[in-house]
Amino acid sequence: MGRMHSPGKGIAGSALPYRRTPPSWLKTTSTEVCELICKLARKGLTPSQIGTILRDSHGIGQVRMVTGGKILRILKINGLAPTIPEDLYCLIKKAVSMRKHLERNHRDKDTKYRLILIESRIYRIARFYKRTRQLPPTWRYDSATASTLVS
């Protein structure tokens, strides 16, 4: 599927290893990885930031290979999952920073246009998450109260 507001197709990406077992040189157990994930989540890190730290600092390329479950599922089991999904959170954060920029720079027409595109993406993703019951049906994006969601 292509991008929403640009002509790109976005088909480039890395391929996962064929073997679904952890590498033989990795000595970290499944419970240690789960504890590490919970510890990093308590510090306030997002699931993608946790995955980056595990990959770069601990040599765990794929958490699913070691634990049998994804990072977000492990966080949900332990009650540490974020209230709103991470991609929606990032879009709201971007929209809040653009509104803050527009308060100082009223004549920036390009930012006004990009803000409209980002907010339409927020509405679309929110509709999807309501349909898949990851967001409550009464949840609404409101630009006036969006900064409280992000902070």
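The legends below describe close-up views of a predicted model.

**View 1. Helix H1 and its buried residues.** Helix H1 covers residues 30-42. At 1.5 Å a residue, its 13 residues should span 18 Å, and the end C-alpha atoms lie 19 Å apart, which agrees. Val33, Leu36, Ile37, Cys38, Leu40 and Ala41 are the buried residues in this helix. The cover over these buried residues of H1 includes H2, H3 and H4. Just after H1 comes Gly44, with a positive phi of about 100°.

**View 2. Helix H2 and its buried side.** Helix H2 is formed by residues 47-58. Its 12 residues should span 16 Å at 1.5 Å a residue, and the distance of 15 Å between the end C-alpha atoms agrees with this. Which residues of H2 are buried? They are Pro47, Ile50 and Leu54. Because these residues cover an arc of only 55° around the axis, they are on the same side of H2. The face turned away from that buried side carries the exposed residues Asp56 and Ser57. Among the elements that cover the buried residues of H2 are H1, helix H3 (63-67), helix H4 (71-77) and helix H5 (86-104). Just after H2, Gly59 adopts a positive phi of about 75°.

**View 3. The crossing of H1 and H2.** The axes of these two helices come within 10 Å and cross at roughly 125°. This angle makes H1 oblique to H2. The crossing of H1 and H2 is right-handed. On the H1 side, the contact involves Leu36, Ile37, Leu40 and Ala41, which meet Ile50, Ile53, Leu54 and His58 of H2.

**View 4. Gln62 in the loop between H2 and H3.** Gln62 belongs to the loop that lies between H2 and H3. Is this residue buried, partly exposed or exposed? Gln62 has a relative accessible area of 28% and is therefore partly exposed. Along the chain, Gln62 and Pro22 are 40 residues apart, while their C-alpha atoms are separated by 8.2 Å.

**View 5. Helix H6 and the residue that follows.** Helix H6 comprises residues 109-131. From its first C-alpha to its last, this helix of 23 residues reaches 34 Å, close to the 33 Å expected at 1.5 Å a residue. The buried residues of H6 are Thr111, Leu115, Leu117, Ile118, Glu119, Ile122, Ile125, Ala126 and Tyr129. The cover over these buried residues includes H5. H6 is followed by Arg133, whose phi is positive, near 60°.

**View 6. The packing of H5 and H6.** At what angle do H5 and H6 pack? The angle is about 155°, and the axes are 10 Å apart. H5 and H6 are therefore roughly antiparallel to each other. Their crossing is left-handed. From H5, the contact is made by Asp87, Leu88, Leu91, Ile92, Lys94, Ala95, Met98, Arg99, His101 and Leu102. From H6, the contact is made by Thr111, Lys112, Arg114, Leu115, Ile118, Glu119, Arg121, Ile122, Ile125, Ala126 and Tyr129.

**View 7. Arg133 in the loop between H6 and H7.** Arg133 is found in the loop that joins the view of H6 to that of helix H7 (146-150). Most residues other than glycine have a negative phi. Arg133 is not a glycine, although its phi is positive, at about 60°. With a relative accessible area of 78%, Arg133 is exposed.

**View 8. Trp139 and its contacts.** Trp139 is also found in the loop between H6 and H7. Its relative accessible area is 11%, and Trp139 is therefore buried. Which residues does Trp139 contact, leaving aside its neighbours within four places in sequence? The contacts are Ile84, Leu88, Ile92, Ala126, Lys130 and Leu149. Of these, Leu88 and Ile92 are among the H5 residues in contact with H6, and Ala126 is one of the H6 residues in that contact. Ala126 is also one of the buried residues of H6. Trp139 and Ala126 are 13 residues apart in sequence and 8.3 Å apart in space, C-alpha to C-alpha.

Notes. Residues are numbered from 1 along each chain as its sequence is written. This is a predicted model: local features need pLDDT of at least 70, side-chain atom pairs count only at pLDDT 80 or more; totals for chains, interfaces and linings use all residues. Side-chain values use heavy atoms; hydrogens and water are left out. Helices (H or I, at least four residues) and strands (E, at least two) are DSSP runs, numbered from the N terminus. The expected span of a helix is 1.5 Å times one less than its number of residues. Buried means under 20% relative accessible area, exposed over 50%, partly exposed in between (1.4 Å probe, protein chains only). The arc is that of the directions from the helix axis to the C-beta atoms. Contact means heavy atoms within 4.5 Å. Axes are lines fitted to C-alpha atoms, for helices over the stretch in contact, and angles run from 0 to 180 degrees between N-to-C directions. Angles under 35 degrees count as roughly parallel, over 145 as roughly antiparallel, 65 to 115 as roughly perpendicular and the rest as oblique. A crossing is left-handed if the near helix is turned anticlockwise from the far one by less than a right angle, and right-handed if clockwise.
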